[in-house]
Amino acid sequence: SPESAYLIGKKYLAEKDYDQAATYLIQATKSESIDKAHQSYIYLAQIMNMNKNYEKGREYAKKAYELDKTDGEPFIIIGQLYAASAKDCGSGSFYSKTAYWAAVDQFEKAKSVDSSIASKANELINAYSHYFPTIEDIFFNGFEEGQNFSLDNCWIKETTKVRAAKTN
């Protein structure tokens, strides 16, 4: 049953056997308990992040959000997926850092949906804002701060805003 699959999936998660955990957690997403189905999608999204299957991770995170629109954790995970794949989304000192803008957008969304994770989201925003391109790199690549930027050159396929790295 989906309920026993959830318990077995959590057991495999605890043992760090992620492939087995995913097998059972996929079954657990069919649980009549919305909480268990939601948590199963969260676990699956995190497993996909570890396996570098970013698109599938985002898909699972979005499904988790559909089941509980008060939980910001799916957006934290999506932001982490974007950040983890930043170097796959371009090269050089400008394009390899543009995915961090989309990641920070997701952390902002997480805060707006779920104030209980605001401090976690703020920590991530602060950490990843340091990876933004410099104002010089933005200028020399023909962009301006605040301008729309489309991440069409990789799997993210979102539009974000150009921002410079915070210097402290």
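# Note on the predicted model

1. Residue Q27 counts as partly exposed, at 40% relative accessibility; here buried means under 20% relative accessible area, exposed over 50%, and partly exposed in between (1.4 Å probe, protein chains only). Q27 belongs to helix α2. Setting aside neighbours within four places in sequence, Q27 is in contact with P2 and A5, where contact means heavy atoms within 4.5 Å. The C-alpha atoms of Q27 and A37 lie 9.1 Å apart in space, and the two residues are 10 residues apart in sequence.

2. Basis of the note. The model is predicted: local features need pLDDT of at least 70, side-chain atom pairs count only at pLDDT 80 or more, and totals for chains, interfaces and linings use all residues. Residues are numbered from 1 along each chain as its sequence is written, and side-chain values use heavy atoms, with hydrogens and water left out.

3. Overall architecture. The protein contains 9 helices and 2 strands, which are DSSP runs numbered from the N terminus (helices H or I, at least four residues; strands E, at least two). Their order along the sequence is α-α-α-α-α-α-α-α-α-β-β. Along the principal axes, the C-alpha atoms fill a box of roughly 55 × 30 × 25 Å. Of the contacts between residues at least 6 apart in sequence, 60% join residues at least 24 apart.

4. Surface and interior. Of the 168 residues in the protein, 44% are buried.

5. Nonpolar core. The largest nonpolar core has 52 residues, and L25, F107, W155 and I156 have the most contacts inside it. Such a core is a set of buried Ala, Val, Leu, Ile, Met, Phe, Trp, Tyr and Cys residues joined through side-chain atoms within 4.5 Å. At least two residues of this core come from each of α1 (2-14), α2, α3, α4, α5, α7 and α8 (118-129). The most is given by α7, with 8 residues. In soluble globular proteins, nonpolar side chains tend to be buried together.

6. Surroundings of F107. Apart from neighbours within four places in sequence, F107 is in contact with F75, I76, G79, Q80, A121, L124, I125 and Y128.

7. Helix α4. This helix covers residues 54-67, 14 residues in total, and reaches 20 Å from its first C-alpha to its last, close to the 20 Å expected at 1.5 Å a residue; the expected span is 1.5 Å times one less than the number of residues. Which residues of α4 are buried? They are Y54, G57, R58, Y60, A61, A64 and Y65. These residues lie on the same side of α4, because they cover an arc of only 165° around the axis, an arc taken from the directions from the helix axis to the C-beta atoms. An α-helix has 3.6 residues a turn, so residues three or four places apart point the same way. The buried residues of α4 pack against α2 (18-28), α3 (34-50), α5 (73-84) and α7 (99-113).

8. The α2 to α3 loop. T29 is located in the loop between α2 and α3 and is buried, with a relative accessible area of 14%. Not counting residues up to four places away in sequence, T29 touches A37, S40, Y41 and L44.

9. Positive phi angles. K16 has a positive phi of about 65° although it is not a glycine. K16 sits in the loop between α1 and α2 and counts as exposed, at 60% relative accessibility. K52, also a residue other than glycine, has a positive phi near 60°. K52 is placed in the loop between α3 and α4 and is exposed, with a relative accessible area of 62%.

10. Disulfide. The count comes to 1 disulfide, under the rule that a disulfide is a pair of cysteine sulfur atoms within 2.5 Å. The bond joins C89 to C154, with an S to S distance of 2.1 Å. The link is right-handed, with 80° about the S-S bond. C89 is buried, with a relative accessible area of 1%, and C154 counts as buried at 7% relative accessibility.
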